[in-house]
Amino acid sequence: MTKQTTRRDMIKGSVAFAGMGVLGLPEWAFPTLTEDQTVVRFTDLPDEIVLARTPDRRIIDIRDIDGAITPSDQFFTTQHYGHPEIDTAAYRLQVSGLVDQPLSLSLADLRGMTSRELVFGFECSGNRGPVNGLSGNGRWRGVPLRAVLERAGVQADAREFVFFGADRGEEEVEFRGRPYTVEQQYGRSIQRDQALSDEPLLAYSLNDEPLSTHQGRPLRLLMPGWYGAPNVKWLSEIHVREEPYLGKYQARWYRTLKGEMINGEMKWVETAITKMQLKSFVARVTRESDGQHNVFGVVMHDGTPLRSVEVQVDDGPWQPATLDPATFSEKYGWKFFNYTWDGATPGEHTVTSRATDANGNVQATAADLEAKLTFLEHSLQLGRTLVIE
Ligand SMILES: Nc1nc2c(c(=O)[nH]1)N[C@H]1C(S)=C(S)[C@@H](COP(=O)(O)O)O[C@H]1N2
Ligand SMILES: [Mo]
């Protein structure tokens, strides 16, 4: 039986919708669901996604996406060592290593510096269909990383910038064939040109409120256009050094593996994940009052301008979708698209979307990946199944 969800059901019990107006988003940024519109049930998704909704892990239900900005209390959260509680009054950000002047900055020091707003949507590199719940889009505010680094004075031999979180846990590390258990902090690194570029932000607020514990209170790094893992939460220290940092979550997790022809020979190249791969997914299909259907979906990408999003029903031709102008103005935000599906016939159907960027890169299929010998399958085109009554 198809579960008919009306707009009232979708927003009932959700403080999120009431909170939207507070953010001052334009009305037309919202999917316009009325009382006579019904959400078509997906057969590849359970009606209730209860999966992983534990206190320190939260995912969104993509069928409920109700505006360009994900409300703070719904933003997904995932991490390795739980949520450290930090006393914000005693908090200090340490900047150490190859700098002229090591720093110890309070939250007040950081808030006293010139700040910048960033609309940035990202996903965990483990985010995949059919659920795709480890994704969201936020309006962040903070201090450009470069301003803090300039204050510290980066030395000429500095190459590697390591960001440590306050969260820690025991990890088994193999060294000369023997396992050792050592306590580690979550750490990720970026290189000099990345650290000194305009882009990285040390964010202290999300959607005009101080960061919640879930999102890294009181401070996190944000790398616009990159996957979630480098966006280090509960940031406690920036350590500037010369040698590459090879911590567990930099060197052993969050990697890509790709076969590359180098000098006429196939070489397997492993790199740390950085920029998001071009991806789109169908989030919701609704039946309109006039009997037509609307396909609504999301694009996640690295900020490269998009050329198109297309939708395919079953084995039919790819048809252009309409890109939502409210979301397309933000370079690093997630983007929305809509497609009017005329004459949907009763029965089972598959609906697929694909995005293409301005450089002509097309969202990959499983066959493309096989041809390119790349193991990063979570951004592939995904057919979504549903039944039209
Ligand atoms: N300190 C710290 N930061 C972290 C992590 C972590 O385990 N510890 N996990 C990373 C990963 S893998 C992801 S996907 C994002 C999730 O960010 P969110 O919880 O704000 O959605 O945080 C990143 N930052
Ligand atoms: Mo992640």
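This is a predicted model: local features need pLDDT of at least 70, side-chain atom pairs count only at pLDDT 80 or more; totals for chains, interfaces and linings use all residues.
Which elements give it two or more residues? Those are strand 12, covering 255-262, and strand 13, covering 265-272.

Let me pick out one member. Methionine 261 sits in strand 12. Its relative accessible area is 57%, and because the cut-off for exposed is over 50%, methionine 261 counts as exposed.

Now over to ligand 1. There are 21 residues around it, and the ones that come nearest are Phe76, His80, Asp167, Arg220 and Lys233. What is the make-up of that shell around ligand 1? It divides into nine nonpolar, nine polar and three charged residues.

Next, a few polar contacts, if you'd like to follow along in the viewer. A backbone N or O atom of phenylalanine 76 is 2.7 Å from an oxygen atom of ligand 1. Histidine 80 also brings a polar backbone atom, 2.9 Å from an oxygen atom of the ligand. With glutamine 215 we turn to a side chain: an N or O atom there lies 3.1 Å from an oxygen atom of ligand 1.

And how much of ligand 1 does the protein bury? Taken alone, ligand 1 exposes 530 Å², and 99% of that is buried by the protein.

Terms used
Residues are numbered from 1 along each chain as its sequence is written. Chains are lettered from A and ligands numbered from 1 in the order in which they are written. Side-chain values use heavy atoms; hydrogens and water are left out. Helices (H or I, at least four residues) and strands (E, at least two) are DSSP runs, numbered from the N terminus. Buried means under 20% relative accessible area, exposed over 50%, partly exposed in between (1.4 Å probe, protein chains only). A residue is near a molecule or strand if one of its heavy atoms lies within 4 Å of it. A polar contact is a pair of N or O atoms within 3.5 Å; within protein, one must be able to donate a hydrogen and the other to accept it, and residues adjacent in sequence count only if both atoms are side-chain atoms. Accessible areas come from the Shrake-Rupley method with a 1.4 Å probe; for residues, only the protein chains shown count as cover. Ala, Val, Leu, Ile, Met, Phe, Trp, Tyr, Cys and Pro count as nonpolar, Asp, Glu, Lys and Arg as charged, and the others, Gly among them, as polar.
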